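Let's walk through this model together, one step at a time. Have the viewer ready, and follow the chains as they come up.

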Amino acid sequence: MKEVYEVRMHARAGQGAKSGSQLLAEAAFKEGKWIQSFPEYGSERRGAPTVSYTRISDKRLRTHEPIVNPDAVLVFDPGLARTIDVTSGLSEESGILIVNTTDSADEVKKQTGFNGKIYTLDATGISLDLLHIDAPNVPMLGALIKVTGIVKLESLEEVIKEHFLEKLGEEKVNKNIEGLKRAYEEVSK
Amino acid sequence: MSTWKALTGAQAVAEAMRQANPDVVAAYPITPQTPIVEQFASFVANGIVDTEMIPVESEHSAMSCTVGAAAAGARAMCATASQGLALMWEVVAAVPGLRLPIVMPIVNRALSAPINIHCDHSDAMGATTIGWIQIYSENAQEAYENTLLAIRLAEHKDVLLPVMVMQDGFIISHGVENVEVFDDNVVKNFVGERKPDRYLLDVDHPYTIGPLALPDYYFEIKRQQEAAMENALKVYLEVGKELSKISGHDYPYFEEYKTEDAEAVIVILSSAAGTAKDAVDELRNEGKKVGLIKPKLFRPFPYKEMRKALEKFEAIGVLDRSMAFGAYAPLYTEVRNALFESENRPKLQSYIFGLGGKDIFKSDIKKVFDELLSGNLNPEEQRYIRLRG
């Protein structure tokens, strides 16, 4: 794996991308990595486009610049690709694009014009099914780690428990972990 | 045993406050307050600290309340950012003259107008002339350690001045990083308890604080304040040495990075210094002799030490994250001042970057170094990084 692995998440405020970037970072932290998780802040209105970043590294991180050449991009709402260049800086040779959609990878390719590796997942479907809300963040992370292996599934499970057990209770935490695992199995090329 | 945690810069400072367990923390609990007091309030609510948390109706009241508590003999703290600092200004300006050792973490953010919530140093740089000690932090770890250092520095009997501990808004305050939190007991032992020589609640030894001092004594009291600032230079290093034993890190006035044989260096504060160090490494790999100086202690400013560090270079670029409209930028001004006594003054160039949260990249820093090495410099001109044409 690269010395520094960089992930960019495009979402709408309320979809949990900021938490998602933090959960991913903390899972890597548990595995002894140096991490950064930071969102781009704007005027915070539900539904507004957001960008969140995660850096994972084997050596101490000093830079504080935004991520412009990500190794992976997660798109939480396919509609964002209509107005935002979600694959900006993403290499068509090595970059990975994962989109929360019911469309196929070929259709996403047409929508985005991205000729690299594309993976799709109905993360919203999983979340609606299990939690009855549109919170695609945890399933999207499941897909990311299946495709990239940047952190272990168990590390993410542990972090989800730590973050949400007190806040959401055991039942919802278990549903989240189920969503994580389903996404891990269901993500497709 | 220290513990590694994944924390935001704001949470890291809240950890320092938890360990210092101040008697009183006052805060106005909505924007522009920072997540520092949000996190600290949860420590209070959960009984982890026994601090008296006082929610007040404005930032002006927050500082007033902190002043009252500190005068009564308490270790009192508050935190703020941008407009919050601006609103509490009247009271902020009174604290150094009252000789109250208040430590106030600041999340550096732009000032209105236009309305902006993002990072720059306009808020704190507007408060450099009123007698607060100022320490700038590069990342969450430094913000944590500087807060611990600040408490001892402020409360030292030869200093008794307030301290602002800076961290960059959002970039550090809301970004999660690896932070080493030192052992609670070791830190508690280091910060100790505030033991003021005199305080208002000591009814056996009544004294007056904040009296009227007309032309008879006002000037003399201000001169004492300046003497305390001079002492702060010495005490900062002493307390830093003690903290080094716990942290293993050094606390110089400024950090010198790969400057030994450097021809061109940049001087830059806070989080952008981290990005710039990566740029220095890349240019060093290309064989370019470049380095970096990151001031930590900005007030009092260590002029002599800065002159000695800087005069050996050929070219120096100073990058400011605020402007001093109609004058040279704050950091640039100090670097120029420091070099006036020098026999061999390097060529200087002033740059402004990052106002209102405008991003700065490694590539921008590299361009600055190229310009410094090219010699195309004008010390009386202010240049702008990533400004739209």
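Strands, like helices, are DSSP runs numbered from the N terminus (E, at least two residues, for strands; H or I, at least four, for helices), and two strands pair if DSSP finds at least two bridges between them. Within this pairing, A:Q36 stands opposite B:E177 in β9(B).

Before going further, a word on the ground rules: this is a predicted model, in which local features need pLDDT of at least 70 and side-chain atom pairs count only at pLDDT 80 or more, while totals for chains, interfaces and linings use all residues. Residues are numbered from 1 along each chain as its sequence is written, and chains are lettered from A and ligands numbered from 1 in the order in which they are written.

Now step back to the sheet. Strands of a sheet pair through backbone hydrogen bonds, either parallel or antiparallel. Here eight strands form an open sheet with mixed pairing, in the order β6(A)-β5(A)-β4(A)-β1(A)-β3(A)-β2(A)-β9(B)-β1(B). At its edges stand β6 (117–121) of chain A and β1 (3–8) of chain B, each with a single partner strand, so one side of each has no neighbour in the sheet. On average, neighbouring strands are turned by 20° against each other, direction ignored. Elsewhere in the sheet, β4 (residues 72–75) and β5 (residues 96–100) of chain A run parallel, joined by four bridges, and A:V73 stands opposite A:L97 in β5(A).

How do the chains meet overall? In total, 19 residues of chain B are in contact with 16 residues of chain A, contact meaning C-beta atoms, placed from the backbone, within 7 Å. On the chain B side, β9 (176–181) and α10 (271–285) each supply at least two residues, and α10(B) gives the most, with six.

Finally, look at a helix pair inside chain A. Helices α1 (residues 17–30) and α4 (residues 137–148) of chain A pack at an angle of about 40°, their axes 9 Å apart; the axes are lines fitted to C-alpha atoms over the stretch in contact, and angles run from 0 to 180 degrees between N-to-C directions. That makes α1(A) oblique to α4(A), the term for angles that are not under 35 degrees (roughly parallel), over 145 (roughly antiparallel) or 65 to 115 (roughly perpendicular). A:A17, A:S19, A:G20, A:L23 and A:L24 in α1(A) meet A:N137, A:M140 and A:L141 in α4(A).

Definitions and conventions. Two residues are in contact if their C-beta atoms, placed from the backbone, lie within 7 Å.
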